[in-house]
Amino acid sequence: MAKKLVIIDTDCGIDDAQAIMMALAAPNIEILGVTCVFGNAAVKNVCQNVLRVLSVCEREQIPVFKGSGGPLVGASNTISDHFGTDGLGDVLEDRDPQWEDKIQREHAVNAMIRLVSENQKQVSLVALGPLTNLALAVRLDPCFPEKLKDLYIMGGNMEGKGNVTLCAEFNFAMDPESAYIVLEEFLCTTHLASWEYSCRNALKWEFFDELINQDAPAARFMKTITSKCWAYSKEAMVNKRDVYFGPGFVSYDAYAMAACIDGSVVTESIECPVRVELQGSICRGMMALDRTNSLKKSHTIFVMTKCNVAKFSQLLMESLRQPCKKSP
Ligand SMILES: [Ca+2]
């Protein structure tokens, strides 16, 4: 079976770790590289987190690249403590003092352009953090998007419901200009898992318990990093997600990754043009769906709306049974 070539762009928090493990476990996926961006933590923490995930899964041969440390415009002082200040729940000790030696010298944006140029129309790019590296890639190489096979994004929203601000989702709110550039200029086939899509397909806490209590190093790692994190606690104080969608456990980035691994996980999408709002005190960073084509844009994207939760759950389950013995 020919493998799907994938680059993962990540701001490695806990849900990114989950999504990366899902890709590592998928027999049909070959990861060409992991590119890091600020977001859930500072980019230096993100790099260390990715190395940690690859180490747990015994896949350290996959190259990791350091990318943007902040948004295109404005200061990057708004890093969330959603998954702890280190992005992985602030519970890991024994940090690797040699981590910088394990990061490739090439910048993430250059690496992205090179890997995609070497494998034109064959690479799926899965973007799990603020879209800064992608925006820079299209500025450095305007042909970058057309060299991609397709693009999968976790980010944005479809109903104006926000998690960090009233109307904006975290990844887009962290760098609205980059989100705007990507959704205007990446004319490749694009699939987007919005905040609402992820939340509407939340899983039960009983499933979460079963997931992290599996007998494998990856499951034990996930159990550790979620152990003190309010976002993975069913007893957590009421948050916006519960108010809008009711209780449940949501591994946001895994929804975009699952769609890339197996397209049949997504059972329904809306195909329409979209635009990211850059102005305003309430709506900056919000994604608007243009279902009547008011903007007269020629490019449409696929905004996921329905998920085969059984298939998705199965991919999650398998993702934590690592390291797995795979033929090289
Ligand atoms: Ca992320």
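**A walk through the predicted chain**

Ser 294 is found in the loop between β9 (287-289) and β10 (301-307); strands (E, at least two residues) and helices (H or I, at least four) are DSSP runs, numbered from the N terminus. The model is predicted, so local features need pLDDT of at least 70 and side-chain atom pairs count only at pLDDT 80 or more, while totals for chains, interfaces and linings use all residues. Residues are numbered from 1 along each chain as its sequence is written.

Ser 294 is exposed, with 10 other C-beta atoms within 10 Å. Ser 294 lies 12 residues from Ile 282 in sequence and 22 Å from Ile 282 in space, C-alpha to C-alpha. The loop between β9 and β10 also holds Lys 296. Lys 296 has 7 C-beta neighbours inside 10 Å and therefore counts as exposed. Its phi is positive, about 55 degrees, although Lys 296 is not a glycine.

Glu 58 also has a positive phi, near 55 degrees, and is a residue other than glycine. Glu 58 sits in the loop between α2 (43-56) and β3 (64-66), and with 14 C-beta neighbours inside 10 Å Glu 58 is partly exposed. Most residues other than glycine have a negative phi, and most peptide bonds are trans. The bond from Gln 322 to Pro 323 is cis, with omega near -5 degrees; Pro 323 belongs to the segment after α13.

Now to the chain as a whole. Its secondary structure comes to 13 helices and 10 strands. The radius of gyration is 18 Å, close to the 20 Å that the globule rule gives for 328 residues, so the chain is as compact as a globular protein of that length. This radius is taken over C-alpha atoms, and the rule is 2.2 Å times the number of residues to the power 0.38. Along the principal axes, the C-alpha atoms fill a box of roughly 55 × 45 × 40 Å. Buried residues make up 49% of the 328.

The largest nonpolar core has 108 residues, and Met 22, Ala 23, Cys 36, Val 50 and Ala 256 touch the most other members. Such a core is a set of buried Ala, Val, Leu, Ile, Met, Phe, Trp, Tyr and Cys residues joined through C-beta atoms within 7 Å. Leaving out residues up to four places away in sequence, Met 22 touches Ala 254, Met 257, Ala 258, Ile 261, Leu 315, Leu 316 and Ser 319; contact means that C-beta atoms, placed from the backbone, lie within 7 Å.

Helix α1 (residues 14-25) meets α13 (residues 309-319), their axes coming within 8 Å and crossing at roughly 85 degrees. The two helices are therefore roughly perpendicular, a label for angles of 65 to 115 degrees, with under 35 roughly parallel, over 145 roughly antiparallel and the rest oblique. Axes are lines fitted to C-alpha atoms, for helices over the stretch in contact, and angles run from 0 to 180 degrees between N-to-C directions. In this contact, Gln 18, Met 21, Met 22 and Ala 25 of α1 meet Leu 315, Leu 316, Glu 318 and Ser 319 of α13.

The axes of α1 and α10 (residues 217-226) come within 11 Å and cross at roughly 170 degrees. That makes α1 roughly antiparallel to α10.

Definitions and conventions
Two residues are in contact if their C-beta atoms, placed from the backbone, lie within 7 Å. A residue is buried if 20 or more other C-beta atoms lie within 10 Å of its own, exposed if 12 or fewer, and partly exposed in between; C-beta atoms are placed from the backbone.
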